[in-house]
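This report concerns the fold of a protein and the surroundings of its ligand. The sequence and structure are shown first.

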Amino acid sequence: MSFFKKLFKRKEETKPVEGAHIDESQNLESEAREAEEARLAEEAREAEEARLAEEAREAEEARLAEEAKEAEKVRLAEEAKEAEEARLAEEAKEAEEARLAEAAKEAEEVRLVEEAKEAEEARLAEEAKEAEEARLAEEAKEAEEARLAEEAKEAEEARLAEEAKQAEEARLAEEAKQGENSGSEETPKKKGLFSKLFSGLTKTRDQFLGAVDDVLKGFKKIDEDLYEELEEALIMADFGVETTMNIMEKLREKVKTEKITEPGDLKLALQEIITGILTAHEWKPLVEEGKPNVILVIGVNGVGKTTTIGKLAHQFKEENKNVILAAADTFRAAAIEQLQIWADRSGVPLIKHEEGSDPAAVVYDGIKAAKSRKCDLLICDTAGRLQNKTNLMKELEKMGRIIEREYPEAHKEVLIVLDATTGQNAISQVKVFKEVANVDGIILTKLDGTAKGGAVVGICENLNVPVKYIGVGEKIDDLQPFDPKAFAAALFEQK
Ligand SMILES: Nc1nc2c(ncn2[C@@H]2O[C@H](COP(=O)(O)OP(=O)(O)O)[C@@H](O)[C@H]2O)c(=O)[nH]1
Ligand SMILES: [Mg+2]
């Protein structure tokens, strides 16, 4: 029976019944029982509630645990997914890197093969070129020897004739000196130089002066057309565009200030302007007196370095200087032999090594010999292989270093030899060599063989390097100090 039913029943039973007699002890007992029952019921209820609460708590805990477990599962799954993704990404990255490395390796291999191929081709080309050069040098040497033998014969004849002429000139000069009009400054030597220069410039003069004369004759007054044609004549003689423009500007100016009206008078004006440009650089002698001198002769192949050195050696020997040569063009045996021929002709000693040896070592030995023989002048020949610029640069640097180190007391000159027949190209050669060496002066050769003599004017104006000597022929005395006034005069003088 439930607690409530029991209670209800007890109340029914305890309802005062009219007339009924209720035993007092019975009542008390019943109350105690009921109280006990109520307490038990209360306890049962509380126990039930506690159990329910416990159950609810356990259920809640189980639910939470379940939830936590599921959350953990989700988290782990998530983590596993992420790890997998990371692994895949890493794998993909590695695969990509491997692919790129492979591609780079392949590209590098292709490049190396290509480079090796190019190097081989360049080597073969260089070899072929060198072989060709050697052949040409051999030919040149043979021709040179034949020519020299011929020249020696001619020179001897010429020398005898010259001696007779000079004796006659000396006699005349002496006579003139003794007479009252002895003031003439032109020595026979100077006259001889000028006549060589004059004949050396024949080709240039014929073309240039011929063209100028034609223009001037064709006009009655000075106008734009005349200027234009004169400009053309200058360009044709290889004065160079810039220099021609400059000369023309100066000419217009001169015509204005000096009020020149006759076309015929323009010739003298031009000569004056050109002389002005050519005298811009002061002429200093190559050799400083009272101290040793070293001249390093540079320039591309075939411009006339070796020939010029032979001529210089001869000239300085004639001036009673103690000269020594060094064959630092060691690239070909023929080059050394060629210089030997010139040394023998001038009667000066030559320091030489084997073909292919270090040019700087030759210079070193040259300095040693120059010191021990107390020479006034050491002249070094060099190879001018522009096609191998790095090597050339290294060689020239090394030679320069050796001279500075071993011969600091010497006056040093680096001379570049230029071939006048190359005209304006000569200017770019100087620019290239200026990158690798300090160039102190220019020697312009082969003026006799070209109508491009006007290039001298362009060279003087464009390069901040003075022209020191000019070559006007192949003979030993066909080299002369550059005299701007004489040059301009020889360019304009009529026969
Ligand atoms: N006509 C003429 N030929 C010259 C002159 N100077 C050098 N040569 C010639 O130019 C050629 C090359 O000269 P070389 O001295 O061997 O040149 P390198 O290679 O610079 O040493 C030779 O045949 C020389 O005779 C010159 O002033 N006039
Ligand atoms: Mg040479």
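Six bridges join strand E2 (residues 323-328) to E4, and the two run parallel; helices (H or I, at least four residues) and strands (E, at least two) are DSSP runs, numbered from the N terminus, and two strands pair if DSSP finds at least two bridges between them. Within this pairing, Leu378 of E4 is the bridge partner of Ile324.

The model is predicted: local features need pLDDT of at least 70, side-chain atom pairs count only at pLDDT 80 or more, and totals for chains, interfaces and linings use all residues. Residues are numbered from 1 along each chain as its sequence is written, while chains are lettered from A and ligands numbered from 1 in the order in which they are written.

**The sheet**

The protein has 14 helices and eight strands.

| Strand pair | Sense | Bridges | Bridge partners |
|---|---|---|---|
| E2 (residues 323-328) and E4 | parallel | six bridges | Ile324 and Leu378 |
| E1 (residues 293-298) and E4 | parallel | five bridges | Ile295 and Ile379 |
| E5 (residues 411-419) and E6 (residues 441-445) | parallel | five bridges | Leu415 and Gly441 |

Why is strand E4 (residues 377-382) described as largely enclosed by the rest of the structure? Six of its six residues are buried, so E4 is largely enclosed; a residue is buried if 20 or more other C-beta atoms lie within 10 Å of its own, exposed if 12 or fewer, and partly exposed in between, with C-beta atoms placed from the backbone. Leu377, Ile379 and Asp381 point one way from E4, Leu378, Cys380 and Thr382 the other way, and all are buried. Across the protein, 30% of the 495 residues count as buried.

The 14 residues of helix H10 (residues 359-372) should span 20 Å at 1.5 Å a residue, and the end C-alpha atoms are 20 Å apart, which agrees; the expected span is 1.5 Å times one less than the number of residues. The buried residues of H10 include Pro359, Val362, Tyr364 and Ile367. Their cover includes E2, strand E3 (350-351), E4 and helix H11 (389-406), where contact requires C-beta atoms, placed from the backbone, within 7 Å. Just after H10, Lys374 takes a positive phi of about 55°.

For helix H7 (residues 266-278), 13 residues should span 18 Å, and the end C-alpha atoms are 18 Å apart, which agrees. Leu266, Leu270, Ile273, Ile274, Ile277 and Leu278 are buried in H7. They cover an arc of only 135° around the axis, which puts them on the same side of H7; the arc is that of the directions from the helix axis to the C-beta atoms. The buried residues of H7 pack against helix H4 (202-217), helix H6 (241-257), helix H13 (455-462) and helix H14 (484-492).

Of the contacts in the protein with a separation of 6 or more, 76% come from residues 24 or more positions apart.

**The ligand shell**

Ligand 1 is surrounded by 18 residues, the closest being Gly304, Lys305, Thr306, Thr307 and Gly471; a residue counts when its C-beta atom, placed from the backbone, lies within 6 Å. Helix H8 (residues 305-318) gives the most to this shell, with three residues. By class, the shell has three nonpolar, ten polar and five charged residues; Ala, Val, Leu, Ile, Met, Phe, Trp, Tyr, Cys and Pro count as nonpolar, Asp, Glu, Lys and Arg as charged, and the others, Gly among them, as polar.

Terms used
Two residues are in contact if their C-beta atoms, placed from the backbone, lie within 7 Å.
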